[in-house]
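Thanks for coming. Please have the structure open.

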Amino acid sequence: STQCIAKHVVLTACVWLHSALMAGCKSNDVQIVYTPWSNLKKTASMDVGQVGFHDEKHRRYTKVTRKSNEIINRLEKTRQERQPDLKAEREAYDSSVRGKRRAEERAARAAEKTAKEEEKKQQELRTYKALMKSDNMVSNSEMRSKYSSAEEAEDDFM
């Protein structure tokens with residue numbers, strides 16, 4: 001929001017803009033308009049450098065009465081011009097985003113795999129597969145040879 005910007009920051013930016021303008025640096029009482037970037041409206045039919053506003057209420061005005069050499073000199077002392085390699089920066093950013101996305105996908109796949117394994121374990125616990133092993137099974141003929149009567153088998157059951 002434009003209300004939370006300190007007055008001295010707005011004044012500094014406006015003086016800098018006033019000194020950078022061809023027509024502005026020669027004249028006094030220059031009115032400068034500023035707005036949040038989200039309020040700027042640019043369409044294909046507009047000329048180069050021409051912009052509009054989505055909401056006129058967000059537009060703010062300030063007036064620079066005269067050029068302030070004190071502010072301009074302070075800014076010139078801290079000025080740093082660099083020629084960034086935009087393509088390399090974009091590639092580095094894209095690769096970091098891809099790396100984060102791959103890490104998230106790996107974590108999601110690992111979580112899905114552990115969830116599947118857990119579900120499989122729970123499914124096995126709910127079935128009787130562990131009880132129905134051939135080692136635990138006894139046929140009727142084996143029972144007859146081991147016990148002489150059904151009562152003996154029932155007594156030995158517990």
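Let me start with a question: is Glu 76 buried, partly exposed or exposed? Glu 76 is partly exposed, at a relative accessible area of 37%. Buried here means under 20% relative accessible area, exposed over 50%, and partly exposed in between, with a 1.4 Å probe and protein chains only.

Some housekeeping. This is a predicted model, where local features need pLDDT of at least 70 and side-chain atom pairs count only at pLDDT 80 or more, while totals for chains, interfaces and linings use all residues. Residues are numbered from 1 along each chain as its sequence is written, and side-chain values use heavy atoms, with hydrogens and water left out.

Now the salt bridges. The rule asks for a side-chain nitrogen of Lys or Arg within 4 Å of a carboxyl oxygen of Asp or Glu. Under that rule there are six salt bridges.

Glu 76 pairs with Arg 79, and their closest N and O atoms are 3.1 Å apart. Arg 79 is partly exposed, at 44% relative accessible area.

Arg 59 and Glu 56 form another salt bridge, with 2.6 Å between the closest N and O atoms. Arg 59 is partly exposed at 24% relative accessibility, and Glu 56 is partly exposed at 43%.

Next, Asp 94 and Arg 90, where the closest N and O atoms are 3.2 Å apart. The two residues are about one helical turn apart, because they sit four residues from each other in helix H3. Helices are DSSP runs of H or I with at least four residues, strands are E runs of at least two, and both are numbered from the N terminus. Asp 94 is partly exposed at 26%, whereas Arg 90 is exposed at 54%. Elsewhere, salt bridges with shared partners link Glu 76, Arg 79 and Glu 81 into one network.

On to patches. They are built from residues with over 30% relative accessible area and no salt bridge, joining like charges within 9 Å and nonpolar side chains (Val, Leu, Ile, Met, Phe, Trp, Tyr) within 5 Å. Areas come from the Shrake-Rupley method with a 1.4 Å probe, and for residues only the protein chains shown count as cover.

Tyr 128, Leu 131, Met 132 and Met 137 make a nonpolar surface patch of about 500 Å². Met 132 lies in the loop between helix H3 (86-126) and helix H4 (140-146), and is exposed at 58%.

A surface patch of negative charge gathers Glu 151, Glu 152, Glu 154, Asp 155 and Asp 156. Glu 152 belongs to helix H5, residues 150-157, and is partly exposed at 37%.

Definitions and conventions. Lys, Arg positive; Asp, Glu negative; His and termini not counted. Charge placed at Lys NZ, Arg CZ, Asp CG, Glu CD.
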